[in-house]
Amino acid sequence: MNIPTYTENNFAFGPGILRIGVAGATPTVDVGAITEDGISIEITSEKRDISQGNPKLPVYSFTQAQGVNLSVTGIEWNFANFAHALGAGVHTTTSTEEHFAFGGDPLVTQLALQVEHAMAVTGDTLFVNIWKAVSNGGLTLPFTADEHSFEYGFKALRNGTDWAGASLAYTSQLMQIHRVIA
């Protein structure tokens, strides 16, 4: 009773893998371990209505702003991820030390982001490609009793080409979700 029609092949669960790279190229660097909450992608579309009559009734609606935000919570002390999360910073390593320094750089690093997620039922793989993105906030470094977790946020920027340099339609310049069928 009250059972909706569904397709088991569309079920998915589990976090996935987030890869980061330089804007303009396919991202290849795995951000590492993330919390069980996984990766969240927020796609927004703000509408503007045209109303007519008395009382005013909406007669037409169009999009005035669109956006894509990606958030993830990592659980590794990964200094390169800290620089990505802030959009700036200097990460250096030697054979005996690793350093992260921050402050004073007004430029924001542009990145490419890709989420890879294997679907449990079919073995299909979902990919989310964000062609160009920047940091969407700050970074908190916690010293807590539980595992330390680091929230990262990114927002998509308009990009005219994909990572292979192919032109993107004006309707596809923030991101793409595609599914590879097993």
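Me: How many bridges join strand 1 and strand 7, and in what sense do they pair?
Reply: In this predicted model, strand 1 (residues 17-22) pairs with strand 7 in the antiparallel sense, over 6 bridges.

Me: Which residue of strand 7 is the bridge partner of Val22?
Reply: The partner of Val22 is Leu111. Leu111 also stands opposite Ala133 in strand 8.

Me: How do strand 7 and strand 8 pair, then?
Reply: Strand 8 (residues 125-135) and strand 7 run in the antiparallel sense, with 7 bridges between them. The two strands form a hairpin with 6 residues between them. In that turn, Gly123 has a positive phi of about 85°.

Me: Why is strand 7 described as largely enclosed?
Reply: Of the 8 residues in strand 7 (residues 111-118), 6 are buried, so the strand is largely enclosed by the rest of the structure. Buried here means under 20% relative accessible area.

Me: Changing topic: over how many bridges do strand 3 and strand 4 pair?
Reply: Strand 3 (residues 34-52) and strand 4 (residues 57-74) pair over 15 bridges, in the antiparallel sense.

Me: How far apart are Thr96 and Asn81 in space?
Reply: Their C-alpha atoms are 20 Å apart, and the two residues are 15 residues apart in sequence.

Note on methods
Residues are numbered from 1 along each chain as its sequence is written. This is a predicted model: local features need pLDDT of at least 70, side-chain atom pairs count only at pLDDT 80 or more; totals for chains, interfaces and linings use all residues. Side-chain values use heavy atoms; hydrogens and water are left out. Two strands pair if DSSP finds at least two bridges between them. Helices (H or I, at least four residues) and strands (E, at least two) are DSSP runs, numbered from the N terminus. Buried means under 20% relative accessible area, exposed over 50%, partly exposed in between (1.4 Å probe, protein chains only).
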